[in-house]
Amino acid sequence: MVSKVTEDDFLFLAEDDVPESEIPQITGEWHLLIVDDDEEIHTVTRLALSDLLVLGRKLVFHHAYSGKEAISFLQKNQNVAVILLDVVMESDDAGLLVVQQIREQLGMDEVRIVLRTGQPGYAPEESVIKEYDINDYKTKTELTRSKLVTSIISSIRSYQQIRTINQNRLGLQKIINAGANLLEQHSLHEFSEGVVTQISSLIGLHAEGVLCAQIEDDGSTSDNVYVLGAAGHYAPYIKCKLERLNNPRIIQQILQCLQQKRHIFTGFDTVLYLGNAEHSAAVYIETNRPIEDFDRQLIEVFLSNISIGYENVTLFQQLKHAAYIDPLTKTPNRNEFTQLLEETKRLDPGNNVAVLIDIDHFSDVNDGLGQEVGNELLIAVTRRLVEHFGDLAQIGRIGADVFGLIGPEDVLTPSAINAVFNQPFQASEHALQINATLGFCRLMDTVKQGLGILKHVYIALNRAKKNLSQNFEYYSSEMEEQMAERLALLRTLRQDFSQDKLQLWYQPQISLHTNQVIGMEALLRWPTGQGGYISPAVFIPLAEYSGLIVEIGAWVIQQACQQIKYLQSQGLADMRIAVNVSMPQFRNPLFVESVIDCVQRYQVAPELLELEITESVVMDEPKIVIDALNRLKDHGIKVAIDDFGIGFSSLSYLQQLPLDRIKVDRAFIRDFAAPNGAVIAETIIHLGKKLGLATIAEGIETQEQADAVRAMGCDEVQGFMYAKPMPTQELLAFLQQSGQPAGEKPD
């Protein structure tokens, strides 16, 4: 062991110490571990090195008093630069065993180890140097302060060089990997992270909080700068606009770098310019000290060497921009918005909400004013959305006339979004007042995948379009369950229809003049298989929505014609059958021809087939319906209007329709008991008489109702008082029991 006071030089300043006035500013630190079983060695070493600065950094001392304690410390602290290690401690070779464990078990190849011994005989210097990976080996008697300082400085420089080499290798490997996989989804992030790691290693820093931004369009505002790739705590902002960082200093530094096309070096950060005549980018690095001149030269060389890689990145970014940015509004398109939904759900679902905004009747603008005006309207809507929500929400264009928003629920409220549409939008020389329908989905109430979230918002949007009281809906799981049930029901309907499980029942219609059956209404029935039936109010709208009603309607008309022929064969001639027709059937260009062909194929008198339409069908597409009915009327087929007075149809359309009969809806029959309840029914019957049309009242259940409509001059009735809907065989029995005479002519 060394004497406690023999080495005077060990305790005093060496001749090469730097005067106080020349000590550089302390920015950073090196961690030094002293391993020795002698407490005084720890004290003397710390005193000797306490004021030492190496490459502008001070030393931080850690202490261990045995080999076991040293290994335990290093297992938890991997950032030690130098270890001053005693050879002889709890055993003669304790220090050598520690070296083996550090290199072989802990895998710490960067840390520099300086062996110190007071008993060199236990560990001969030559054999130790040959067999162990150490940086220096000194006896304590020869290790003066001057020599100790020299050893520490050389060890730290060696540590930094080895660490730089390793970081260079890591950074270059990342750049190589990114370059080889530029077409993969994360290649931009990998390339940027590789660049950052390489630059950090060149200047001896660990890469923390880094981003790489690229300017997408000509201009100098943050609106045109996007985060191309990022590392550290800026990683969540990849693909976002620079302004989303919400850090004025970083934004200002990056914009200045791009505008002046030069590097910026400060004591707090470094911004490097990377670009050419066509593309510009800025790499922002957080630093804790100024960059030295020789480090700047290394960075210059490095940036010139990766210029080709950067050009590849910018070309890829152009493709990516085309794939994910809407070219008209310069906002995220459906693909990008879907990813933003997923990222927001993953990183910060909180109180965030997703919104879809569907511009009502946008096609009218395109059709009436031209697509150019329509495009200007979309741009105007985008600008106003940005004005209202751009600071707090992400905005995208999801479809031709559908916009998307992602942001805090307390900001993106129905009233706030509706306020955007309070004032007209300027498009070319037009001031256009438009409305919108809104669908909302709280991210806490939905799935993790972006497409799944978007589907849920669309469910809410579609529900809002059917809402007559308000223009918005919030998604709930019940909506999806109801939709799933509807789809399951539709699949079953398709299957049962293909297997001929649907049935056609008939409700007799009675002449009030003769009290005889003069016809019947064909009514569709769908048996469940367990003795019950699914209500037409449930499955008919579903069939209309899906388009299946076109096939079902053609089948119903065919069955009606066959029924007319069958009744004739049973001695019941001239029985008319009324069939309900929906709007999807009228939209089918082959509808008229198919009806006429069916009548001719079964050799049915055309006046025995009556098509019933509702006034809502007429109002949906008046021209299509009126043209089709006129062609059918020319072939002798009868036409009746059902549910007259329920909707809001114009009497002018009533005059244009080639009608034979008006039906008084059951709703007006039920109101007979109310004050003035019979007024509307009486008005409809008198209107029919004035127009020369036959009238029929449905839903007659009591004798009082029958007497009332007879007194009003109604011609025909149908209802439970006379007969319920029934299948063919029951109908035949009913007609035979009622003594129906053959050959009764319909009115």
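Is Arg-631 buried, exposed or partly exposed? Arg-631 is partly exposed, with a relative accessible area of 40%. Buried here means under 20% relative accessible area and exposed means over 50%, with partly exposed in between (1.4 Å probe, protein chains only).

## Basis of the report

This is a predicted model, in which local features need pLDDT of at least 70 and side-chain atom pairs count only at pLDDT 80 or more, while totals for chains, interfaces and linings use all residues. Residues are numbered from 1 along each chain as its sequence is written, and side-chain values use heavy atoms, with hydrogens and water left out.

Helices (H or I, at least four residues) and strands (E, at least two) are DSSP runs, numbered from the N terminus.

## Salt bridges

Side chains of opposite charge can pair when their charged atoms come close. A salt bridge is counted when a side-chain nitrogen of Lys or Arg lies within 4 Å of a carboxyl oxygen of Asp or Glu. Across the whole structure, the search finds 22 salt bridges. One of them joins Lys-465 and Asp-358, at 2.7 Å from N to O. This pair links distant parts of the chain, since Lys-465 belongs to helix 14 (residues 450-465) and Asp-358 to strand 12 (residues 352-359), 107 residues apart. Lys-465 counts as partly exposed because its relative accessibility is 45%. Asp-358, at 8% relative accessibility, counts as buried.

Arg-631 has its own salt bridge, with Glu-593, and the closest N and O atoms are 2.4 Å apart. Arg-631 lies in helix 21 (residues 622-634) and Glu-593 in helix 19 (residues 591-601), so the pair ties together parts that are 38 residues apart in sequence. Glu-593 is partly exposed, with a relative accessible area of 39%.

## A buried pair and its network

Lys-663 and Glu-612 also meet through their side chains in a salt bridge, at 3.1 Å from N to O. Here too the pair links distant parts of the chain: Lys-663 is in strand 25 (residues 661-664) and Glu-612 in strand 23 (residues 609-614), 51 residues apart. Lys-663 is buried, with a relative accessible area of 1%, and Glu-612 is buried, with a relative accessible area of 1%. Salt bridges that share partners join Glu-521, Glu-612, Lys-663, Arg-666 and Glu-698 into one network.

## Helix 21

Helix 21 has 13 residues, which at 1.5 Å a residue should span 18 Å; the end C-alpha atoms are 18 Å apart, which agrees. The expected span is 1.5 Å times one less than the number of residues. After the helix comes Gly-636, with a positive phi near 90°.

An α-helix has 3.6 residues a turn, so residues three or four places apart point the same way. In helix 21 the buried residues are Pro-622, Val-625, Ile-626, Ala-628, Leu-629 and Leu-632. They cover an arc of only 165° around the axis, and therefore sit on the same side of helix 21. The arc is that of the directions from the helix axis to the C-beta atoms. On the face turned away from the buried side, helix 21 carries the exposed residues Lys-623 and Asp-634.

## Strand 14 and its partners

Strand 14 (residues 402-408) is mostly covered, with seven of its seven residues buried. Two strands pair if DSSP finds at least two bridges between them. Strand 12 and strand 14 run antiparallel and are joined by seven bridges, and Val-353 stands opposite Gly-407 in strand 14.

Strand 13 (residues 394-397) is also antiparallel to strand 14, with four bridges joining them. Ile-395 has Leu-405 in strand 14 as its bridge partner.

## The six-stranded sheet and Asp-86

Six strands form an open sheet with mixed pairing, in the order 2-3-1-4-5-6. Strand 2 (53-54) and strand 6 (136-139) stand at the edges, each with a single partner strand, so one side of each is left without a neighbour in the sheet. Strand 1 (residues 29-35) and strand 4 pair in the parallel sense over four bridges, and Val-35 has Leu-85 in strand 4 as its bridge partner.

Asp-86 is found in strand 4 (residues 82-86) and is buried, with a relative accessible area of 2%. Leaving aside neighbours within four places in sequence, Asp-86 is in contact with Val-35, Asp-36, Asp-37, Gly-95, Arg-116, Thr-117 and Lys-140. Contact means heavy atoms within 4.5 Å.
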